[in-house]
Amino acid sequence: MKFSSPLKPSPIDILAICFILLIFSYFRFGFADIDPDTYFHLALSRHTWESKYFLLRELPQFPHLDWNQSFGNVSYLFHIIGGLLFGLAGDAGASLTSWLLAGALLCFLYFFYRKSIGAIDSAALLIVSMLLSFQFMSRFCLHRPYLASILIFTVLLTRAAQSHLFIVFIVCFFYFQFYYLFIFPLLAIAAPFFLALLRRRSGSISGLEWRYLLISLLGLAAGAIVHPYFPEPILRVFDALNVVSNYAGVPGLVAGSAVLPLEPPVAPQLALP
């Protein structure tokens with residue numbers, strides 16, 4: 001199996017990445033203070049650092065949710081990384097977890113586009129996307145484990161397109177360790193397969209497409225089985241879908257509104273000092 005060699009960063013690449021990360025950081029630290037859920041994840045990172053073997057088994061602060069008896073930390077790997085950074089620099093270190101994941105995604109996308117359209121156009125594409133994607137940036141700047149899933153999901157799509165089956169298995173495996181919502185990688189796995197099926201109409205699927213489907217499913221299944229809180233991640237998905245389906249129409253309660261775009265002037269105002 002051949003892997004394409006990574007581009008050697010040039011001075012222009014380094015300057016472009018620094019500028020991209022600077023713009024992202026401006027939005028990132030503007031949104032960070034308006035999100036109460038950030039403190040929950042920071043607290044989980046702190047408790048992970050203080051727990052035995054870095055695995056939380058209960059949270060006595062939440063007896064009304066029965067978490068004082070059993071707690072399923074479905075994004076445990078995100079909180080382990082945050083816990084290690086907490087051990088180095090406290091809450092400030094733990095909060096860097098999301099910044100590092102988002103920065104890794106931006107760097108990955110930059111070099112992915114760089115091979116096709118060059119350094120200047122790649123940087124311009126990412127910067128313009130950040131400035132115009134108001135709703136996405138309002139979520140992308142938060143301290144959440146789904147940032148790891150976005151990074152892994154992006155790697156999954158690009159590596160699958162280049163037939164890197166071993167990397168496809170690895171990213172599917174680690175997706176489950178960071179984030180529980182396995183529906184998205186399932187869609188990414190199934191879509192190319194069924195599109196190929198529809199395109200041929202005869203039902204003839206190439207061996208590579210079969211291997212892509214099977215290896216992806218095997219990676220997700222292996223990730224689920226070795227998850228230290230299994231089957232909690234799978235149960236959490238059905239709980240989330242149940243909440244959205246049952247309460248989406250309740251007056252005064254907003255469920256699943258993350259898909260709705262903000263008005264264009266709103267997001268910059270939230271990020272501006």
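Asn73 is buried, with a relative accessible area of 2%, where buried means under 20% relative accessible area, exposed over 50% and partly exposed in between (1.4 Å probe, protein chains only). This is a predicted model, in which local features need pLDDT of at least 70 and side-chain atom pairs count only at pLDDT 80 or more, while totals for chains, interfaces and linings use all residues. Residues are numbered from 1 along each chain as its sequence is written, and side-chain values use heavy atoms, with hydrogens and water left out.

**Overall make-up**

- The secondary structure of the chain comes to 11 helices and zero strands, where helices (H or I, at least four residues) and strands (E, at least two) are DSSP runs numbered from the N terminus.
- Buried residues account for 41% of the 273 residues in the chain.
- Helix α7, residues 165-178, has 14 residues and reaches 20 Å from its first C-alpha to its last, close to the 20 Å expected at 1.5 Å a residue; the expected span is 1.5 Å times one less than the number of residues in the helix.
- The buried residues of α7 include Leu165, Val168, Val171 and Cys172, and among them are also Phe173, Tyr175, Phe176, Gln177 and Phe178.

**Nonpolar core and surface patch**

- In soluble globular proteins, nonpolar side chains tend to be buried together.
- The largest nonpolar core has 57 residues, of which Ile20, Phe24, Leu106, Tyr110, Met130, Met137 and Phe140 touch the most other members; such a core is a set of buried Ala, Val, Leu, Ile, Met, Phe, Trp, Tyr and Cys residues joined through side-chain atoms within 4.5 Å.
- Two or more residues of this core come from each of α1 (11-31), α3, α4, α5 (134-140), α6 (146-161), α7, α8 (183-200) and α9, and the largest share, 10 residues, is that of α3.
- On the surface, Val128, Leu131 and Leu132 form a nonpolar patch with about 270 Å² of accessible area together, the areas coming from the Shrake-Rupley method with a 1.4 Å probe and, for residues, with only the protein chains shown counting as cover.
- Patches are made of residues with over 30% relative accessible area and no salt bridge, like charges being joined within 9 Å and nonpolar side chains (Val, Leu, Ile, Met, Phe, Trp, Tyr) within 5 Å.
- Val128, found in helix α4 (residues 119-132), is partly exposed, with a relative accessible area of 43%.

**Salt bridge**

- The structure holds one salt bridge, a term that stands for a side-chain nitrogen of Lys or Arg within 4 Å of a carboxyl oxygen of Asp or Glu.
- Asp13 forms a salt bridge with Arg114, with the closest N and O atoms 2.8 Å apart; because Asp13 lies in helix α1 and Arg114 in helix α3, the pair ties together parts that are 101 residues apart in sequence.
- Asp13 is buried at a relative accessible area of 1%, whereas Arg114 counts as partly exposed at 24% relative accessibility.

**Aromatic pairs**

- The structure holds nine aromatic pairs, counted where rings of Phe, Tyr and Trp (its six-membered ring) have centres within 6.5 Å, with planes under 30 degrees apart taken as stacked, over 60 as edge-to-face and the rest as tilted.
- The rings of Tyr76 and Tyr229 have centres 6.3 Å apart and planes at 55°, so this pair is tilted.
- Tyr76 lies in helix α3 (residues 76-117) and Tyr229 in the loop between α9 (207-226) and α10 (232-247), so the pair ties together parts that are 153 residues apart in sequence; both Tyr76 and Tyr229 are buried.
- Phe108, Phe112 and Tyr113 form one aromatic cluster.

**Loops and C-alpha separations**

- A cis peptide bond, with omega about 10°, joins Phe230 and Pro231, and Pro231 lies in the loop between α9 and α10.
- Asn73 lies in the loop between α2 (37-50) and α3, and the C-alpha atoms of Asn73 and Tyr179, 106 residues apart along the chain, are separated by 9.9 Å.
- Arg236, found in helix α10, is partly exposed, with a relative accessible area of 22%; the C-alpha atoms of Arg236 and Gly72, 164 residues apart along the chain, are separated by 9.1 Å.
- Ala190 lies in helix α8 and counts as partly exposed at 23% relative accessibility, while the C-alpha atoms of Ala190 and Ser216, 26 residues apart along the chain, are separated by 9.4 Å.
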